[in-house]
Each structure stands twice: as C-alpha cells, then as structure tokens.
Amino acid sequence: MSFQLSSEYTPSGDQSQAIEKLVRSLEAGNGHQTLLGVTGSGKTFTMANLIQRVNKPTLIMSHNKTLAAQLYSEFRNFFPNNAVEYFVSYFDYYQPEAYIPRSDTYIEKDSSINDEIERLRLSTMGSLLTRDDTIVIASVSCIYGLGSPDDYQNMMVPIKAGEQINRDALIGKLCELMFERNDIAFGRGNFRVRGDVVEAHPAYLESTAIRVEFFGDEIERISSIDSLTGAIIERLEDYIFFPAKQFATPAEKLKVAMRTIQEEMHARIAELESHNKLLEAQRIKMRTDYDLEMMREMGFCQGIENYSRHITGREPGARPYTLLDFFPEDYLLLIDESHVTIPQIGGMYEGDKSRKTVLVDHGFRLPSALDNRPLRFAEFMQMTHQRVYVSATPGAFELVNSRPDNKSYIDVKTRPDQVGYVNRKKLRIKPSGAEESIESFAVNRAGFPLVVEQIIRPTGLLDPVIHLRELKGQIDETIELCRQRVVRGERALVTTLTKKTAEDLSEYLKNTGLKVRYIHSDVDTIERVEILRQLRAGSFDVLVGINLLREGLDLPEVSLVCILDADKEGFLRNDTSLIQTAGRAARHVHGECYLFCDVVTDSIQALLDITASRRVRQQAHNEANGITPQSVVRPVQESLQVESPDGKTSSSTQFASEDETEYNAPNVIAQLEAQMREASSQLEFELAAHLRDQIKALRDKQPPAPMPAVRYQRKKR
C-alpha cells in the first residue's frame with residue numbers, strides 16, 4: 001500500500017511545520033490532535049500530505065454533503081492512483097416513518113434514492129474490503145446502521161479464468177448477491193445470459209460490466225466491457241463480484257431472523273395486551289405478519305432495516321454495524337470543520353431515538369427497531385483511535401482533548417466537574433482550578449504539540465483588518481463602504497440576524513442604486529449555488545445573509561464583510577461565528593471586516609485579540625521572506641441556469657405562480673416536491689405529508705400522454 005500524492009504544489013507557509021508536527025504526534029500514538037488552520041491557509045493540502053506520510057486507510061468526515069463533495073473532488077485530484085471514495089446519505093428526499101399522537105397522524109416512510117450516490121456507497125464498501133490504499137470522504141451518515149461487513153465479505157464471489165464452475169452455478173451465486181436478471185434493460189445490479197456468455201453489471205461500476213464466457217463447465221475468458229456498446233475494454237485474469245445491495249444477508253441468516261422476529265412479536269403482543277393496549281397489539285401483529293410474509297416471498301420488505309438487529313444476530317442494545325466496521329483496526333480519522341461536525345455526531349442518536357420510541361409505544365414497530373440507530377457518541381469514540389480535528393475555530397472538545405495524557409476523551413458537556421471553558425482564550429482544568437492559555441495547554445510536555453497552528457498562508461495574505469463602528473448609522477455607513485468596493489470591482493457581504501431583516505435590508509439597498517441579493521435557509525439549495533456564482537461573476541455586488549455566510553463559502557472576490565448588530569451575543573454572534581464570518585474576506589488582499597456595535601463583547605474581544613496576534617506573525621513572515629500578498633484567483637463555475645428554446649435563460653428553480661391563468665403542472669409538482677423536502681428536513685412531518693398528498697392529487701389529475709398517430713393499411717390479399 002502506498003498513497004501517491006500528485007500535485008504541482010509543494011508545502012509552503014505554515015504547511016510544512018504543521019505536517020511535521022502532526023506526523024510526529026500520530027507516530028507517538030496520540031489519539032487526539034488538532035489542526036488550527038486559518039481560512040485560506042490550505043488545510044486540505046496539509047491533510048493530503050498527512051495521509052501520504054502516515055500511509056493508513058483514511059476516513060475524512062464533513063458535516064454536510066456539499067463540503068463532502070468538494071473534498072471528494074479535491075482528493076481525487078490529489079490521489080489519482082488510489083481509491084478515493086464518497087459516502088453520504090443516498091436519499092435525495094427522505095421522510096422518516098413517524099407518528100404524531102396529538103393528532104393521531106401516522107406518516108409512512110417516504111424516500112427518493114439517488115442511484116449514483118448508492119453506486120458510490122457500494123464502491124466504498126468494496127474498496128475498503130479489498131484495498132488498503134482507500135480514502136473515504138463521508139458525511140455523518142457513516143455512523144448510521146449498515147449491513148454486517150462479515151456477511152458482505154462472505155457473500156463475495158471470486159472467479160478466475162480456467163476455474164471449473166458451470167454457468168447455472170454462477171447465475172445462482174449472482175442471484176444470492178441480489179443481482180436481478182434483465183435481458184432487455186441492462187443496468188447496474190442486473191445480469192443477462194446469452195448462451196454460454198453471462199454478463200453482469202456490478203452496482204458499484206458506472207458504465208462497465210463484466211463478461212464471463214464459458215466452455216462447458218469451465219470459465220474460458222473474463223472481460224470488462226462497455227455496458228452500453230458491449231465493446232471489450234480489458235481482458236481480466238480474475239474478478240470479484242460484490243453484493244448488489246448494501247444490506248446483503250445470507251438466506252440461512254434471514255430464516256433465523258424471521259423466527260426471532262416472530263418470537264419478539266408474540267412477546268410484544270402479550271405485553272401490550274397485559275396493559276390493555278389492544279389497538280396497539282393489533283397494529284403490531286398486522287404490521288409484523290405482513291413484513292414476515294414479504295420476507296418469505298421476496299427476501300425483503302419495506303422498512304427491513306428496522307429488523308437489522310435480528311438479521312445481523314446482535315444482542316438487544318448492541319451497537320449497529322456501520323461504515324466504520326469496514327475499516328481495518330488501524331486507520332486515520334480526519335474531522336473537517338470539527339467545531340460543527342463533532343456536535344452533529346453527538347446529536348444524532350437522541351433525535352432518532354425519540355422518534356422511534358413513539359412508534360414502538362403505539363404499536364407501529366417492535367422494540368428491536370430502536371436498535372436500528374446511529375452510533376452513540378461514546379461508541380463512535382471507541383471505534384476511532386487516532387483523530388485529527390481540522391478547523392479554523394476548534395471548539396472546547398477538540399482543545400481540551402488534544403493532550404498526550406488523555407487516553408480516552410473528556411466530554412465537555414457531561415463532565416463539567418472536570419473541565420471549564422472560558423472565552424476561547426483560557427481553559428480551566430478542574431479540580432485544581434488553574435488556568436492555562438490555549439498555547440501552553442496545547443503543548444505536549446514531551447515536546448509534541450497536539451494543537452498545531454497553521455497561520456501563515458501560502459499566498460502571503462494577512463487576516464482581514466477588523467474595524468469597530470457604532471450601531472448608530474450602521475446602515476448608512478454600510479452603504480458607503482459597499483459603494484467604495486463596487487468602484488474597485490470588488491464584492492461585499494453583509495450579515496444580519498433574521499431572515500426578515502435580510503430581505504428588508506436587501507430591498508432598501510437596491511433603492512440606493514446597489515446591485516444586491518439576499519440568501520438564507522428559505523432560498524432553494526440550487527438557487528443558493530446560483531446566487532453565489534452570480535456574486536463571483538459580478539452580476540451583483542452585495543450579498544446579504546445570515547448564517548450561510550460562514551463555513552465552506554469560497555468567495556475570493558469578496559473584500560468586505562459587514563456584521564450588523566455584532567454585539568448581540570448568541571449563536572450568530574459568538575466568537576466562533578465572528579471568526580468564521582470575518583474569514584470570508586481572508587482570500588482578498590484588501591480584506592476588511594466591519595463590526596457595528598456599542599459594546600465590545602467577550603466574543604468581539606476574542607476576534608480582535610486573535611486577529612491582531614495572527615497579523616503580527618503573518619506580517620513578520622512576509623517581511624522575513626520577501627513575500628508580497630496576492631489575492632486568491634479561482635475560475636467561476638459554470639451557470640446552473642438553463643436556456644429556453646427562445647434563447648432566453650431562466651433559473652431551473654423558477655416555477656409558475658398561483659395567480660397565472662395557465663401553468664405547467666410538472667413545474668408546480670417540482671415546486672411542491674422541493675417544499676416537501678424542506679419541510680421534512682425541518683422535521684415538520686405533518687406539513688410534508690400534506691404536501692405529499694397534494695403532489696399525488698396533482699399527478700392523478702394530469703391527462704395521459706397523447707397516443708402517437710398510427711397509419712393503418714388494409715392488408716392486400
């Protein structure tokens with residue numbers, strides 16, 4: 001195994017020292033280390049160099065799909081000769097099964113699976129079981145239940161040219177792997193048979209199928225072919241077929257599982273009847289009997305994951321199998337934007353449990369459904385051994401735990417008796433009560449720093465200059481500051497506290513002659529991407545937003561950030577938010593951040609102190625090395641807009657309005673589907689179910705497609 005980093009760049013700025021310190025810490029066996037890298041310092045390139053040096057299978061976790069996709073693209077370019085995989089939730093839309101007792105509303109599970117993401121997930125599982133040089137970029141979906149890796153591995157079917165096996169035996173094995181025969185529509189997860197030739201399209205390959213040619217009861221040739229044209233790509237000596245589904249289970253285990261499911265059902269019915277819950281007992285009997293019948297006849301049922309504890313043979317309460325089980329024992333974990341990702345990991349279990357407990361209590365699911373769950377935070381930590389937290393603003397958890405004498409971890413929320421946290425500048429370690437600065441606390445007594453700072457940017461850029469202004473007249477001054485940037489051809493960001501304020505301010509700024517747009521969580525995801533693209537392209541100059549102007553926005557043209565009402569302490573104005581928001585101007589040589597406030601809060605003071613100390617170090621480095629700061633230059637991505645037949649462009653997110661006399665039904669359905677997904681993501685299940693019913697009604701009302709005109713001729717005798 002060897003990770004081969006391919007890049008025209010070499011480590012520069014603070015990257016070299018950061019890589020060396022992290023490698024030494026990992027080689028010393030430390031379980032926690034933090035890379036504190038400022039915005040624009042090239043943390044991703046440092047991570048890539050770290051993977052090459054440590055040379056272990058690596059899991060990189062991100063807190064959302066968008067950032068995970070960005071990392072996936074970058075690491076594929078860094079490691080073209082290694083297996084770089086992408087593992088995120090494969091649902092385009094997911095509404096979980098739920099029951100709302102107060103209105104007696106049962107909402108059935110509804111989802112839309114993205115076939116391409118499912119292919120990538122299957123590819124990830126296969127690579128982890130067959131290759132050591134694997135890098136997986138994943139969202140927090142990797143801590144959710146998955147099939148057993150042992151079952152998955154035991155079901156793999158290796159074949160080899162010259163092997164004695166007849167055609168029908170191979171077909172039987174493909175069926176056990178959940179491949180489906182389809183001689184007409186040959187797609188992923190299908191196979192077809194033509195005489196002595198069997199062609200199978202593995203579910204984890206995009207456009208490549210495998211052709212197996214027989215001579216009697218012997219495999220004569222194995223070839224990889226183009227699944228569309230059938231043209232031979234390469235001759236193979238051997239090949240391994242993986243299961244076509246993520247939850248693959250041998251038939252023997254499924255039979256045992258059905259028996260234990262039935263036993264649990266009878267026990268649960270007796271328990272409910274003993275408490276005079278006759279309706280709930282009837283519900284669970286009807287549901288479970290139906291599911292068991294489906295499993296007997298089809299090998300699966302809707303919601304089969306709720307029986308995963310029985311299928312995998314786990315004990316009640318045991319943790320589920322997840323993607324982490326597919327990794328070898330010794331692997332490297334990199335947690336990107338750890339100040340967001342770590343709390344997200346910790347919050348997954350309780351939310352899932354509360355929803356399923358209601359289903360179990362009211363007879364919609366057996367108690368074993370509670371064991372189909374994400375990992376608890378303690379279980380996640382037990383399954384990871386060496387972790388690198390990556391963030392420009394690491395949280396208390398990362399800083400407190402990044403020390404060499406920490407054999408396990410300290411949960412700063414559940415163990416306040418041991419750890420106190422004060423304003424990012426001081427850490428109070430109890431019971432001694434002694435305070436230490438972050439710098440002194442983060443240094444290993446043996447000489448290995450476990451919090452590694454990456455302050456110097458390869459571009460030589462300094463942190464943005466921070467200016468404080470009074471609240472009185474903040475709008476007028478913001479207008480003037482934005483006008484100055486427009487004259488220089490630069491862009492500006494303005495952050496507010498509420499959606500209504502963002503919309504009203506955007507409208508007001510338009511009346512002053514500025515080209516302005518707003519962005520917040522009510523704006524469709526695709527439209528958000530398009531708005532950001534238009535900002536970079538210069539279609540408008542000022543973007544007003546709330547919390548979306550923080551992590552993950554790469555806007556090199558932005559030189560000004562204005563934070564209105566900066567002294568309103570809270571989630572949107574704490575030290576982490578202020579540092580991240582100010583960092584949006586860190587990719588421009590003229591970067592400045594204006595904070596409008598009447599009081600210098602602790603969070604504002606933390607931003608001032610950190611920025612001042614970093615600028616001193618950055619300036620000294622530039623002077624010592626003769627570096628002239630340069631703005632980041634990056635091409636603008638292509639537009640997401642589509643061109644209509646008349647040559648006019650329109651956004652893909654525009655739909656017909658209700659007051660139009662005529663409208664396009666498919667577009668209205670698409671609009672309702674977007675609203676349904678948004679409602680589900682906000683856990684507004686009743687609204688999502690109502691929208692789902694509206695969509696169904698609209699689809700039922702659509703007239704059928706017209707029949708094609710057919711010319712009939714009388715047959716001549």
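**A close look at glutamine 33**

Setting aside neighbours within four places in sequence, glutamine 33 is in contact (heavy atoms within 4.5 Å) with Leu22, Ser25, Leu26, Arg387, Val388, Tyr389, Ser402 and Leu450. The model is a predicted one, in which local features need pLDDT of at least 70 and side-chain atom pairs count only at pLDDT 80 or more, while totals for chains, interfaces and linings use all residues. Residues are numbered from 1 along each chain as its sequence is written, and side-chain values use heavy atoms, with hydrogens and water left out.

Glutamine 33 lies in strand E1, which spans residues 32-37; strands here are DSSP runs of E with at least two residues, numbered from the N terminus. The relative accessible area of glutamine 33 is 0%, so this residue counts as buried, a word that stands for under 20% relative accessible area, with exposed meaning over 50% and partly exposed in between (1.4 Å probe, protein chains only). The side chain of glutamine 33 also reaches the backbone oxygen of asparagine 30, at 3.3 Å.

For comparison of burial elsewhere, cysteine 593 is likewise buried, with a relative accessible area of 0%, and cysteine 597 counts as buried at 7% relative accessibility. The sulfur of cysteine 593 lies 7.7 Å from the closest cysteine sulfur, that of cysteine 562, which is too far for a bond. With a disulfide taken as a pair of cysteine sulfur atoms within 2.5 Å, the count comes to 0 disulfides.

How values were computed. Helix = DSSP H or I, 4+ residues; strand = E, 2+ residues; numbered from the N terminus. Polar contact = N/O pair within 3.5 Å; in protein donor to acceptor, adjacent residues only side chain to side chain.
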